[in-house]
Amino acid sequence: MKLRTLGKSGLQVSEIGLGCWQLGNDFGTIEDERANQILAAADDNGINFWDTADVYGGGKSETRIASHKSEHSSNRLIATKVGRDGALYPDGYTKDRVKSNIEGSLKRLDVDAIDLIQLHCVPTEVLMAGDLLAWMEDFQKDGLIKEFGVSVETLEEALFAVTHPKLTSIQTIFNIFRQDHITELFPKAIEHDVGIIVRLPLASGVLSGKFKTDQQFEEGDHRNYNKDGAFFSVGETFSGIPFDKAVAFADQLKAWTPEGYSLAQMSMRWLLDQPAVSTVITGASRPSQVAENASVSDLASLSPELHKKLSKFYFESVKEHIRGVM
Ligand SMILES: NC(=O)c1ccc[n+]([C@@H]2O[C@H](COP(=O)([O-])OP(=O)(O)OC[C@H]3O[C@@H](n4cnc5c(N)ncnc54)[C@H](OP(=O)(O)O)[C@@H]3O)[C@@H](O)[C@H]2O)c1
């Protein structure tokens, strides 16, 4: 597993990280045994960057991470998030409440300081008011957190945050179905030495090419209850593309995979071929997926011709179908 530097923090993060939202059982049910196998597979495959949030399963994801002790525990970098808990979101943000939520994460993660805290898709106007970022600087001085970043929904939010002098990272949706960041955000991220953490690399799994249009998801899976944005941002689940369309696009891409690459691998390699990307936090529901995803770090880059074809595919066919503000 190759490592990249996460922005100005100097932290060395694995090119493929682990998204841990599913460990909160917000994606259907993952039993304890399976959760431990997924985390063990991440350790075994050199994945040292794990992304979670205080609200994933009401803290379950963080607790599971902390209780998974191994010889690799001390090398892990755990990124968590604050800002979507009901006590705060959408307009209850005070310094004391935010601090208290971070202290909750400290306890659940069983650490003295958070490696990286990310503002968790807080409303645009709250982010831009600047208080939250100023509090993060204070919490950093107090030793509560080591680094801070933002997880955003829109380009506007990312472009606002990227110039902040102390910001370590921006977590954002970026994948073959969502390519716009290459033009505007990424050059600025490089200029300001801000790391890019890619979420939804597989557009909620659809970019693995395994789904048919009649796929059923569990009742508690956001790919069921939020497929058209009924519960949170419509741009999040399946990257904002209507499911039937997303499946058809993924089927089209299958013919373009280089020999020996699965569609999931091609999709993640495309991400790692972007120099601004620091780490790709793919989620996984089973350990075999973790291993397949980790292997992408060692695969050869895609050819310039394939990059060109995928860019044309996005701008000419996919982009018009994205719902929600990008
Ligand atoms: N607002 C935010 O800050 C925010 C929002 C969303 C996500 N995130 C973070 O980003 C992470 C990744 O997002 P995500 O999990 O929603 O999307 P994703 O990484 O695009 O999709 C992950 C899902 O795809 C399937 N999958 C993974 N690897 C596979 C493979 N090799 N072959 C076939 N299927 C595979 C698994 O689901 P199945 O096997 O069940 O199909 C897995 O749970 C989250 O875990 C979380 O840490 C943050």
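Reader: What space, in Å³, lies in the second largest pocket?

Author: About 320 Å³ of space lies in the second largest pocket, a volume being the space filled by probe spheres set on grid points joined across faces, edges and corners. The model is predicted, so local features need pLDDT of at least 70 and side-chain atom pairs pLDDT 80 or more, whereas totals for chains, interfaces and linings use all residues. Residues are numbered from 1 along each chain as its sequence is written, and side-chain values use heavy atoms, without hydrogens and water.

Reader: Which residues lie nearest the centre of the second largest pocket, and how many line it?

Author: Ser73, Arg76, Ile78, Val111 and Asp115 lie nearest the centre, in a lining of 17 residues. Helix H2 (60–67), strand E5 (77–82) and strand E6 (114–120) each give two or more residues to that lining; helices (H or I, at least four residues) and strands (E, at least two) are DSSP runs numbered from the N terminus. The lining of the second largest pocket comprises 8 nonpolar, 4 polar and 5 charged residues.

Reader: What makes a space a pocket and not a cavity?

Author: On a 1 Å grid over the protein atoms alone, a pocket is an open set with protein on both sides within 12 Å along at least five of seven lines, while in a cavity a 1.4 Å probe fits but cannot get out; lining residues have an atom within 4 Å of a point. The search of the whole structure finds 1 cavity of 30 Å³ or more. The largest cavity holds about 30 Å³ of space, and its lining includes Leu119, Leu127 and Glu157.

Reader: What is the volume of the largest pocket, and what takes up its space?

Author: The volume of the largest pocket is about 1,200 Å³. Its lining has 49 residues, with Trp21, Gln22, Phe27, Ser204 and His222 nearest the centre. Helix H8 (222–225), E10 and H11 each give two or more residues to that lining. The largest pocket is the space taken by the ligand; a molecule sits in a pocket if more than half of its atoms lie within 2 Å of the grid points.

Reader: How many residues surround the ligand, and which are the closest?

Author: The ligand is surrounded by 32 residues, and Asp51, Ser151, Lys210, Arg223 and Ser285 are the closest; a residue counts as near if one of its heavy atoms lies within 4 Å. Strand E10 (277–283) and helix H11 (287–294) each contribute at least two residues to this shell. The shell has 12 nonpolar, 13 polar and 7 charged residues.

Reader: What makes the peptide bond from Tyr89 to Pro90 and the phi of Asp110 worth a remark?

Author: Most residues other than glycine have a negative phi, and most peptide bonds are trans. The bond from Tyr89 to Pro90 is cis, with omega near 5°, and Pro90 is in the loop between E5 and helix H3 (95–109). Asp110 is not a glycine, yet its phi is positive, about 60°; Asp110 lies in the loop between H3 and E6.

Note on methods. Ala, Val, Leu, Ile, Met, Phe, Trp, Tyr, Cys and Pro count as nonpolar, Asp, Glu, Lys and Arg as charged, and the others, Gly among them, as polar.
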